[in-house]
2 protein chains.
Amino acid sequence: MPTIVVEVMPKAELLDPQGKATKGALSRLGKSEFTDVRLGKRFELTVEGPITDQVRADVAEIAEHVLSNSVIEDVVAIHYPEGEK
Amino acid sequence: MPTIVVEVMPKAELLDPQGKATKGALSRLGKSEFTDVRLGKRFELTVEGPITDQVRADVAEIAEHVLSNSVIEDVVAIHYPEGEK
């Protein structure tokens, strides 16, 4: 069954404490070439049946209103399986 | 500065309660075409300077040992900026 990927990141102006903690861990390990780390979410949605225009409309809607909080997050990408229009 | 993306997902055999909760929310909203939802992480690593072989080796290493827990998670993708070799 096709899988659609929705990627959500915290808005650039937010602090992202988890990303900062990861950046700190990398610095302590000597990996100082990484100047910033940000941590977002990656959703995999499995769809039953073909990816119709209705499915695409539903994905766009839930990405904005269910999978992300538009006050603090941006939907940065929605990937459909290759070969789907 | 170039940004490298590392994508991490819970292993397929794990339950992923956050994904299950999201799936339940979609079903309650009438979006029943989505038969499964899984929730993983998306890291954006900002690198100072060019993406050398050493940077690539470091990214592969930290993706496996810092950004993911190989007991419960898989690194599913590492994306380098376009135009980088």
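View 1. Residues are numbered from 1 along each chain as its sequence is written, and chains are lettered from A in the order in which they are written. Because the model is predicted, local features need pLDDT of at least 70 and side-chain atom pairs count only at pLDDT 80 or more, whereas totals for chains, interfaces and linings use all residues, and side-chain values use heavy atoms, with hydrogens and water left out.

**View 2. The side of chain B that touches chain A.** Contact, meaning heavy atoms within 4.5 Å, involves 31 residues of chain B and 31 residues of chain A. The area buried between the two chains, that is, the accessible area (1.4 Å probe) that they lose on being put together, summed over both, is about 2800 Å², and carbon and sulfur atoms give 63% of it. Glu33(B), Phe34(B) and Arg42(B) supply 21% of the area that chain B buries against chain A, more than any other three residues. Between the chains there are 16 residue pairs in polar contact, both residues being at pLDDT 80 or more; a polar contact is a pair of N or O atoms within 3.5 Å, of which, within protein, one must be able to donate a hydrogen and the other to accept it, while residues adjacent in sequence count only if both atoms are side-chain atoms. Strand 2 of chain B gives the most to this side of chain B, with 14 residues.

**View 3. A salt bridge between the chains.** Six salt bridges are counted between chain B and chain A, a salt bridge being a side-chain nitrogen of Lys or Arg within 4 Å of a carboxyl oxygen of Asp or Glu. In one of them, the side chains of Lys31(B) and Glu61(A) meet at 3.4 Å, N to O. Lys31(B) lies in the loop between helix 1 and strand 2 of chain B and Glu61(A) in helix 2 (residues 53–65) of chain A, so the pair joins two chains. Lys31(B) is buried, with a relative accessible area of 13%, whereas Glu61(A) is partly exposed at 41%; buried means under 20% relative accessible area, exposed over 50%, and partly exposed in between (1.4 Å probe, protein chains only).

**View 4. A salt bridge within chain A.** Lys11(A) and Asp74(A) form a salt bridge through their side chains (2.8 Å, N to O). The pair links distant parts of the chain, with Lys11(A) in the loop between strand 1 and helix 1 (17–28) and Asp74(A) in strand 3, 63 residues apart. Lys11(A) is buried at 17%, and Asp74(A) is partly exposed at 32%.

**View 5. The surroundings of Ser68(B).** Ser68(B), in the loop between helix 2 and strand 3 (73–79) of chain B, counts as buried at 8% relative accessibility. A polar atom of its side chain lies 2.8 Å from the backbone oxygen of Ala63(B). Apart from its neighbours within four places in sequence, Ser68(B) is in contact with Val8(B), Ala63(B), Glu73(B) and Val75(B).

Terms used: Helix = DSSP H or I, 4+ residues; strand = E, 2+ residues; numbered from the N terminus.
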